[in-house]
Amino acid sequence: MKVVLSDQAIESLKDAPRNVQRAFDKQLRFLAGNLLHPSLHAKKYDETNDLWQARVTKDWRFYFTIADDTYRIEKVIPHPK
């Protein structure tokens with residue numbers, strides 16, 4: 001699977017702490033290889049918009065869509081607790 005980042009995801013990563021950026025890179029490798037990788041905790045977040053959520057760290061999440069053979073990362077944000 002391919003992974004592409006939206007402009008919004010790229011911008012939010014620029015402002016994220018360095019440890020979050022490194023963890024995001026690692027999680028993207030897991031996502032590209034296996035959507036069901038245990039550390040991702042990936043789940044369907046919004047059925048209507050076909051939006052998924054996965055874990056970056058305990059306190060950060062990323063949201064993505066799946067189209068054909070591509071994961072499109074829509075946003076990377078602190079976990080909305």
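A residue is called buried if under 20% of its relative accessible area is left, exposed if over 50%, and partly exposed in between, using a 1.4 Å probe and protein chains only. Helices (H or I, at least four residues) and strands (E, at least two) are DSSP runs, numbered from the N terminus. With that in hand, four of the five residues of strand 3 are buried, so strand 3 is largely enclosed by the rest of the structure.

Some housekeeping. This is a predicted model, in which local features need pLDDT of at least 70 and side-chain atom pairs count only at pLDDT 80 or more, while totals for chains, interfaces and linings use all residues. Residues are numbered from 1 along each chain as its sequence is written, and side-chain values use heavy atoms, with hydrogens and water left out.

Now the sheet. Two strands pair if DSSP finds at least two bridges between them. Here five strands make an open sheet in the order 1-5-4-3-2, with mixed pairing. Strand 1 (2-5) and strand 2 are at the edges with a single partner strand each, so one side of each has no neighbour in the sheet. On average, neighbouring strands are turned by 40° against each other, direction ignored. For angles, axes are lines fitted to C-alpha atoms, for helices over the stretch in contact, and values run from 0 to 180 degrees between N-to-C directions.

What does strand 3 pair with? On one side, three bridges join strand 3 to strand 2 (residues 43-46), and the two run antiparallel. Asp46 is opposite Leu51 there. That hairpin has four residues between the strands, and Asp50 takes a positive phi near 55°. Strand 3 also pairs with strand 4, again in the antiparallel sense, over four bridges. This is a hairpin too, with four residues between the strands. In it, Ala54 has Phe62 as its bridge partner, and Gln53 stands opposite Tyr63.

Helix 2 (residues 18-33) lies across strand 1, strand 3, strand 4 and strand 5, running at about 150° to strand 5.

That leaves the rings. Rings of Phe, Tyr and Trp (its six-membered ring) pair if their centres lie within 6.5 Å; planes under 30 degrees apart are stacked, over 60 edge-to-face, and the rest tilted. There are five aromatic pairs in the structure. Why is the pair of Trp52 and Phe64 stacked? Their ring centres are 6.1 Å apart and their planes are at 20°, so the pair is stacked. Trp52 counts as buried at 18% relative accessibility, and Phe64 does at 0%. Phe64 and Tyr71 have ring centres 5.7 Å apart and planes at 90°, so that pair is edge-to-face. Tyr71, at 5% relative accessibility, is buried. Ring pairs link Phe24, Trp52, Phe62, Phe64 and Tyr71 into a cluster.

Terms used. Contact means heavy atoms within 4.5 Å.
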